[in-house]
Amino acid sequence: MGDRGRSPSLRSPHGSPPTLSTLTLLLLLCGQAHSQCKILRCNAEYVSSTLSLRGGGSPDTPHGGGRGGPASGGLCRALRSYALCTRRTARTCRGDLAFHSAVHGIEDLMIQHNCSRQGPTASPPARGPALPGAGPAPLTPDPCDYEARFSRLHGRTPGFLHCASFGDPHVRSFHNHFHTCRVQGAWPLLDNDFLFVQATSSPVASGANATTIRKITIIFKNMQECIDQKVYQAEVDNLPAAFEDGSVNGGDRPGGSSLSIQTANLGSHVEIRAAYIGTTIIVRQTAGQLSFSIRVAEDVARAFSAEQDLQLCVGGCPPSQRLSRSERNRRGAIAIDTARRLCKEGLPVEDAYFQSCVFDVSVSGDPNFTVAAQSALDDARVFLTDLENLHLFPVDAGPPLSPATCLVRLLSVLFVLWFCIQ
């Protein structure tokens, strides 16, 4: 999964001192700092001490050239001061993502510029009003607009991942694995530094083999400057258009509007947009069941520790909880041929969504289960950045074959054998 919980590299290109965009990232990291952690002060002092290394012209053009030039000595002094500041606040910043990202960034830059750990440090930044004629402060991207911030820092749009869970339930993971699960009770779909999503499944009826999602809980974790912690909870026949506290946004913080909840169809379709982490979530209710679909920034999806390894969106269903083909072969409440005909109307491609639809309709006996698979495919069509991955054809995700299909395959095998012995 890459470097979990670590922000993008803070190295500057071509060995030059970090650009203004890089310095801006250091300030943005403070958005996740705890109130006791003083990483904000360390970041601000570092930015202040390195601004003097720049000449006129473009604000992103360093003054003094590359490695070993006049700027390098000043940069090393600034980095040593930065490192000293982080060490002084380390105790109160323990476990803080922004703090640890800054520490890694300092180490990378000191290695890149051949800075020794011992040596002079930068002078304390001057305090006071801005000097006349200094001009306006450089524009910085909104810390609560993930896509704009990422694009400014990296010169490209961020990558996104898609996950969905619907039906009996079926899970499409971030890595395009598709599983039909036997899970009952509460299971985490996501559990990272920014989001927690839990789905609770139970049998569609007493003694039934089919289970469906009956409850979804989503926690948007507190992010300084952007949002207060918000909890959204949906249950069958109760799909609210607000968070648990009755609000429809992230709260009174400056970036509170970066989290919003909207309803496309009251009682059946809710969409939650979390611009501060580049995430959109859709929760639906169809045929007495809930479904979940998400488009999330790659960096956000990967920001978790080893202790948070059980996530159905990351690893799919655990092997012990996956339904095998033999288990899906059991006779259902509706004949396979009838289920295939019903699903074919809205799902012409016989991919994993079609196969899941046939299984759900056959086992549950409810033709309305076709809508859940169709909606999941529609969400994937919108959320996927590469539509070549829209239709999945996993080897062991299909429903049982109809008797007619089995007969055709058997006759084909017999014909080949007869041809070979002639």
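1. Thr-89 is found in the loop that lies between helix H3 (70-88) and helix H4 (97-112). The model under discussion is a predicted one. Although Thr-89 belongs to a loop, the residue counts as buried, because its relative accessibility is 4% and the limit for burial is under 20%. Leaving aside residues up to four places away in sequence, Thr-89 touches Cys-37, Lys-38, Cys-42 and Phe-99.

2. The protein chain contains 12 helices and 11 strands. Of its 422 residues, 47% count as buried. Among contacts between residues at least 6 apart in sequence, 61% join residues that are at least 24 apart.

3. Four strands form an open sheet in the order E4-E5-E6-E7, and their pairing is antiparallel. Its edge strands are strand E4 (185-191) and strand E7 (230-235), each of which pairs on one side only. From one strand to the next, the twist averages 20 degrees.

4. E4 pairs with strand E5 (residues 195-203) in the antiparallel sense over six bridges, and a hairpin of three residues joins E4 to E5. Gly-185 has Ser-201 of E5 as its bridge partner. E5 and E6 are likewise antiparallel, with nine bridges between them; here Leu-195 has Phe-220 of E6 as its bridge partner. E6 and E7 pair in the antiparallel sense over six bridges, and the bridge partner of Ile-216 in E7 is Ala-234.

5. Asp-191 counts as buried because its relative accessibility is 19%, and the cut-off is under 20%. The side chain of Asp-191 makes a polar contact of 3.3 Å with that of Gln-308. Apart from residues up to four places away in sequence, Asp-191 touches Phe-196, Lys-221, Phe-304, Gln-308 and Gln-311.

6. Strand E6 is mostly covered, with seven of its 10 residues buried. Phe-220 has its place in E6, which spans residues 211-220. Is Phe-220 buried or exposed? Phe-220 is buried, since its relative accessible area is 0%. Not counting residues up to four places away in sequence, Phe-220 touches Phe-194, Leu-195, Ile-227, Asp-228, Gln-229, Lys-230, Phe-243, Leu-259, Ile-272, Ala-274, Tyr-276 and Ile-281. Among these residues is Leu-195, with which Phe-220 also forms a bridge. Ala-274, another of the residues touched, is 54 residues from Phe-220 in sequence but 8.6 Å from it in space, C-alpha to C-alpha.

7. Two packed helices are described by the angle between their axes and by the distance between the axes. Helix H9 (residues 336-344) and helix H10 (residues 352-364) pack at an angle of about 130 degrees, and their axes are 8 Å apart. The crossing of H9 and H10 is right-handed. On the H9 side, the residues involved are Ile-336, Ala-339, Arg-340, Leu-342, Cys-343 and Lys-344; in H10 they meet Phe-354, Cys-357, Val-358, Val-361 and Ser-362.

Conventions:
Residues numbered from 1 in each chain as written. Predicted model: local features only at pLDDT ≥ 70, side-chain atom pairs only at ≥ 80, totals over all residues. Heavy atoms only, no water. Helix = DSSP H or I, 4+ residues; strand = E, 2+ residues; numbered from the N terminus. Buried < 20%, exposed > 50% of the residue type's maximum accessible area, 1.4 Å probe, protein only. Contact = heavy atoms within 4.5 Å. Pairing = 2+ DSSP bridges. Axes fitted to C-alpha atoms, helices over the stretch in contact; angles between N-to-C directions. Polar contact = N/O pair within 3.5 Å; in protein donor to acceptor, adjacent residues only side chain to side chain. Left-handed = near helix turned anticlockwise from the far one by under 90°.
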